[in-house]
Amino acid sequence: QVMLIESGGGLVQAGDSLRLSCAASGSLFTMAWFRQGPGKEREFVASIYESGGTRYADSLQGQGRFTISRDNAKNTVYLQMSNLKPEDTAVYYCAASSMVVHTSSGQYDYWGQGTQVTVSS
């Protein structure tokens, strides 16, 4: 059983930056971040494959505010968030799969406990 441990959430002001980390207890091919805002469904944010290939949510494409990366030697994935907005407020979840998967939460086998990100205006 693979465990995912997230860290790095917190309370920030609009325009600030924050970096989330997720350490996995084993090697996984696809690692991703999802988020769930107040009263909203969980949504895909970004994913990264073992090769380094990335995928971002359509809503974030072109903005350049979020960057996903990973350190395979540490089995850790990161989400660098900049120019944060109040609408980014959510619980951010790390997810992973041993297979090539994409944006659907149902495709991921392993989940972290979530870390709260709150952006004040």
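## Burial and overall build

Of the 121 residues of the protein chain, 45% count as buried, meaning under 20% relative accessible area with a 1.4 Å probe and protein chains only. This is a predicted model, in which local features need pLDDT of at least 70, side-chain atom pairs count only at pLDDT 80 or more, and totals for chains, interfaces and linings use all residues. Residues are numbered from 1 along each chain as its sequence is written, and side-chain values use heavy atoms, with hydrogens and water left out.

The protein chain has 11 strands and zero helices; strands are DSSP runs of E, at least two residues, and helices are runs of H or I, at least four residues, numbered from the N terminus. With a radius of gyration of 13 Å, close to the 14 Å from the globule rule for 121 residues, the protein chain is as compact as a globular protein of that length. Here the radius is taken over C-alpha atoms, and the rule is 2.2 Å times the number of residues to the power 0.38. The C-alpha trace spans about 40 × 25 × 25 Å along its principal axes.

## A look at S97

Let's turn to one serine. S97 sits in strand β9, residues 90-97, and counts as buried because its relative accessibility is 1%. Leaving aside neighbours within four places in sequence, S97 is in contact (heavy atoms within 4.5 Å) with L28, F29, T30, Q107, Y108 and D109.

S27 is 70 residues from S97 in sequence, yet their C-alpha atoms are 9.4 Å apart in space. A polar atom of the S97 side chain also lies 3.0 Å from the backbone nitrogen of M99.

Terms used
Buried means under 20% relative accessible area, exposed over 50%, partly exposed in between (1.4 Å probe, protein chains only). A polar contact is a pair of N or O atoms within 3.5 Å; within protein, one must be able to donate a hydrogen and the other to accept it, and residues adjacent in sequence count only if both atoms are side-chain atoms.
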